[in-house]
Amino acid sequence: KPLVFSGMQPSGDLHLGNYLGALVNWVRMQETHDCIYCVVDMHAITVWQDPAALKKAIREVTAAYIAAGIDPKRSILFNQSQVHEHAELAWVFNCVARMGWMSRMTQFKEKAGKDRENVSLGLFAYPSLMAADILVYRATHVPVGEDQKQHLELTRDIAIKFNNDFGPRIAELGLGDGFFPVTEPVIMGPATRVMSLRDGTKKMSKSDPSDYSRINLTDDADTISQKIRKARTDPEPLPSEEKGLEGRAEADNLVGIFAALSNRSKADVLAEFGGGQFSGFKAALADVAVAKLAPITGEMQRLLADPAEIDRILAEGSARARAIAAPVMASVKDILGFVRS
Ligand code: ATP
Ligand code: MG
């Protein structure tokens with residue numbers, strides 16, 4: 001049976017990239033699939049997080065999910081650290097994944113930068129925990145932005161290697177011929193890779209030190225307008241056709257955001273704004289962004305006024321998640337040959 005799993009890190013405010021690249025698909029997939037949506041707090045601590053800020057961010061990300069349309073009754077919504085099976089299975093996968101596989105992960109290389117000796121071991125092992133997040137539910141579909149494609153390929157490699165390494169044992173225990181499913185990445189929608197407003201070659205990220213690089217779901221109308229006004233562009237007017245965006249990363253990104261937010265094609269947006277200066281286009285883009293985000297922001301603020309209710313939702317979701325994860329982890333222990341009582 002198809003099962004969806006995905007998550008976001010409470011490493012800062014959610015932004016337009018998280019929303020357009022992942023969250024809108026999550027909401028849609030609730031119509032057709034059973035879905036598990038996680039606030040991956042254990043991933044967030046792979047880089048330093050202030051404890052008070054982390055707690056606040058966990059509640060904010062939860063509120064953002066619900067405000068965007070995740071229904072905590074229908075879908076399972078919880079935070080990762082409340083279901084210890086994630087960490088247990090991640091350890092097993094640390095012993096399945098190979099150093100060479102992990103060393104090729106571009107997210108690690110980017111986040112570690114030049115100071116490789118001083119980043120946490122957790123940052124290196126991050127994809128192994130991500131594989132555990134997904135496979136502890138034996139989830140089959142994972143909706144993410146394009147930047148997570150490589151990690152999902154690694155998840156597939158881990159599942160395949162585990163199934164092969166323990167093939168006879170899995171058969172002996174009657175657990176089917178592939179214990180873990182080979183997960184499908186779901187990378188779709190109008191904006192699978194939203195770029196930074198300051199640098200069209202870098203993706204929009206929570207962890208970018210410049211707040212002007214992104215539009216947060218919590219930004220008010222003035223902030224959104226100001227960030228878009230200051231967004232980097234080139235001096236040429238907008239092209240009238242899509243192929244005129246080639247080699248113009250910043251223009252391409254802004255047109256892509258406009259199209260995604262208004263459910264139009266880039267060609268359609270350029271038919272309206274092509275030949276014009278960026279100033280008029282940016283004002284229209286700010287209006288579209290505010291119209292789309294203001295209701296979400298408002299609903300988030302309403303939910304955040306009652307943190308106890310958010311914690312209750314997370315507790316209930318965690319109990320439902322654990323009910324699925326615990327038997328899978330027990331089977332993994334049987335497969336490995338661990339003694340358990
Ligand atoms: P961080 O900088 O801390 O890694 P992030 O902005 O990359 O934060 P994540 O929590 O790592 O956000 O990712 C959550 C989801 O959002 C993932 O599915 C990821 O692929 C997607 N995503 C992140 N950034 C973008 C982006 N710029 N465009 C489209 N999707 C994105
Ligand atoms: Mg990320």
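Leaving aside its neighbours within four places in sequence, which residues is Ala97 in contact with? I looked this up in a predicted model, where local features need pLDDT of at least 70 and side-chain atom pairs count only at pLDDT 80 or more, while totals for chains, interfaces and linings use all residues. Residues are numbered from 1 along each chain as its sequence is written, and chains are lettered from A and ligands numbered from 1 in the order in which they are written.

**Ala97.** I found its contacts to be Met102, Ser128 and Ile158, a contact being two C-beta atoms, placed from the backbone, within 7 Å. Ala97 sits in the loop between α4 and α5, with helices taken as DSSP runs of H or I of at least four residues and strands as E runs of at least two, numbered from the N terminus. I noted Ala97 as buried because 21 other C-beta atoms lie within 10 Å, the cut-offs being 20 or more for buried, 12 or fewer for exposed and partly exposed in between, with C-beta atoms placed from the backbone.

**Helix α8.** I then turned to α8 (residues 149-165), whose buried residues are His151, Leu152, Leu154, Thr155, Ile158, Ala159 and Phe162. They lie on the same side of α8, because they cover an arc of only 155° around the axis, taken from the directions from the helix axis to the C-beta atoms. Among the elements that cover them I listed α4 (85-94), α7 (121-135) and β5 (184-186).

**Ligand 1.** Helix α1 (residues 16-29) gives the largest share of the shell around ligand 1, four residues.
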